[in-house]
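Visitor: Hi, could you walk me through this structure?
Guide: Happy to, let's have a look together.

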Amino acid sequence: MSTPYPFTAVVGMDDLRLGLLLNAVSPAVGGVLVRGEKGTAKSTAVRALSALLPGVPVVTGCRFSCDPDAPDPGCPDGPHESTGGVTRDARMVELPVGASEDRLVGALDIERALADGVKAFEPGLLADAHRGILYVDEVNLLHDHLVDLLLDAAAMGASYVEREGVSVRHAARFLLVGTMNPEEGELRPQLLDRFGLTVEVAASRDTDQRVEVVRRRLAYDDDPAGFAARWADEESELRERIVAARALLPSVRLGDPALRQIAATCAAFEVDGMRADIVMARTSTALAAWAGHTDVTADDVRQAALLALPHRRRRNPFDAPGLDEDKLDDTLRESGNEDGDGDGDDPGPDGGGGGGLPPQRDGDGGPADTPPQHEPPGDGSDTPAPQEAGGNGSPPPGGGREQPAAKAAEPFRTRMLSVPGLGEGAAGRRSRARTEHGRTTGSRRPQGALTKLHLAATVQAAAPHQRARGRSGRGLVVRRDDLRQATREGREGNLVLFVVDASGSMAARQRMGAVKGAVLSLLLDAYQRRDKVGLVTFRGKDAEIALPPTSSVDAAAARLDTLPTGGRTPVAAGLLKAHEVLRVERMRDPSRRPLLVVVTDGRATGGPDPVALAARAARLHEAEGVASVVVDCEAGPVRLGLAGELAQQLGGTAVTLDELRAESIAGLVKDVQSTSSRRAA
């Protein structure tokens, strides 16, 4: 077994380390979500935490880690006699993003259940993680059906496995820890709320600290065991402090003044539901125990808010998580601090009145300077600044003066656009597809392990052979050849590629604002339907990929926000660039079907015969069967209808900005599908 990187050797990252340690002190806090850019020691710190946790007493031989003092009466390995147990190390179980449902919840042997009436159950990762840590790296990329199972287990503290009337239940209480890179997409709100705390991490900009990070990492890679031995004393001290804080936790008092501050803070920031209040209360008491005092102070409440509220106050996927600290301080002051339980003037590194994280040392044993952690995170976007128009207001290449970026109009609810036919892509909520979850549409012989039994088809296959197999009792004699896999139909996520006209003909500020509002609305729809999105823009002489296909719709929204306009309208260049993007994505992910959304007025300009070039480029997409929608942005009393002609050449359909609204286009999905059907015929 490899030697883990010592937790105390992690440089900086005070909020990350504090959030993990508070959960080690009080698992009732509810886990922690670590958000940050790649390469910031997120996974390293999480994996190092398990070595600090106290041992777990378990019933000898129980695969479900029952507590000897209070065994689960419904344990599949029970009932357990009062014979004591053994103590083992706390487990950290990793859930791979691509794990199957059976790997997560466990697998039932359906063949034995049908033939012998035996509940042969193989425990999954939820059973392994019981009374330990369940760690999900890149949790934002987890498939929806696994997210649903996690939500159920987290809510009920138990896991249920149901297979055609055969049911197994076992306890599943675990500390949920997830890491994610926001650039790759956001979490579903339901799962986001299940994490008690959230922390943002970013690489330090301090040169000395970066040097120390590299020095320690190289030393660990050269000799993991030797490096860990040099940090053994610090690890032991921190482990003892966790044990002491756990022992003190039941004695911590959460007085009415602190409780009123918690309630007032959650109300002031308009968080949904009551989970935030409960998590803040538990976090405040854990902070007090960690600091070694028995009364929750105002500083504890303040630090608890900074950890428990940022991810709970987002109103849509384009809102950056965060908390206005000035507003927080005003709320805490107004809600009262009459008892003098801390004035908040000099909180320690963890906000707990100076009883926070132990000071770090550098590679030579001296104290290491750590920059403050609560620096403003910026806007959460890595979007580059808009390209300057020649630096002096001169026209950009291609002619026409560049206009500053227009502000997007208010987004609205759109009607669903879907790809016709039946796909086999990743689970989502847009187009029809063959999936592992959904309504049963038929049966087939299993290819590999049986996952979803079609009971009626299995019985029908086995029934003619019962006499030949010597059946004598009531049971059905079932062989492996009789088993039938259920085929199901659900919904898939698609690749929605936006091709946006940013030329001078779109430059009227009010008009471009409406266009951006429409695209923003479609992006919000893509987020809710679990799609990948990409953004191609065209103006001047060429087109560019503003955002390669990604699961992060908020990154697409950020690119859209800074999109300038001006120049000619190279429609053909935009369609050809989209064709290139789709060709590459088809090789990367052939099962994910694309939906092309072209936003333009269709007035192609620039070069010889630009309209004919645009028609030729459009027919490339039609020939490959790409489902397309053209959002017609033409305005004014004189309308040329060029966007409608472009839609015909694409083999798709055209809608105006007004028709894009949900209440205005009841027949749009039918139009898209019927157009594609005519093309196929």
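**Cores, a sheet and cavities**

Visitor: Which residues have the most contacts inside the largest nonpolar core?
Guide: Those are Leu20, Trp290 and Leu309, in a core of 65 residues. Keep in mind that this is a predicted model.

Visitor: And which helix gives the most to this core?
Guide: Helix α12, residues 275–291, with nine residues.

Visitor: What is Leu20 in contact with, leaving aside its neighbours within four places in sequence?
Guide: Phe7, Val32, Ala45, Val46, Leu49 and Val177. Another core, of 38 residues, lies apart from the largest one, and includes Val496, Ala518, Leu520 and Ala526.

Visitor: Switching to strands: what is the order in the open sheet of three?
Guide: The order is β12-β14-β13, and the pairing is antiparallel.

Visitor: Why is one side of β12 and of β13 left without a neighbour in the sheet?
Guide: Because β12 (427–435) and β13 (439–444) stand at the edges, and each has a single partner strand. From one strand to the next, the twist averages 30°.

Visitor: How many bridges join β13 to β14?
Guide: Five, with β14 spanning residues 485–492. Thr440 stands opposite Arg488 in β14.

Visitor: What lines the largest cavity?
Guide: Its lining includes Val571, Gly602, Leu642 and Glu645. The elements giving two or more residues are α19 (610–623) and α20 (642–650). The largest share, four residues, comes from α20.

Conventions: Residues numbered from 1 in each chain as written. Predicted model: local features only at pLDDT ≥ 70, side-chain atom pairs only at ≥ 80, totals over all residues. Heavy atoms only, no water. Core = buried A, V, L, I, M, F, W, Y, C linked by side-chain atoms within 4.5 Å. Buried < 20%, exposed > 50% of the residue type's maximum accessible area, 1.4 Å probe, protein only. Contact = heavy atoms within 4.5 Å. Pairing = 2+ DSSP bridges. Axes fitted to C-alpha atoms, helices over the stretch in contact; angles between N-to-C directions. 1 Å grid on protein atoms, 1.4 Å probe; cavity = no way out; pocket = protein on both sides within 12 Å on 5 of 7 lines; lining within 4 Å.
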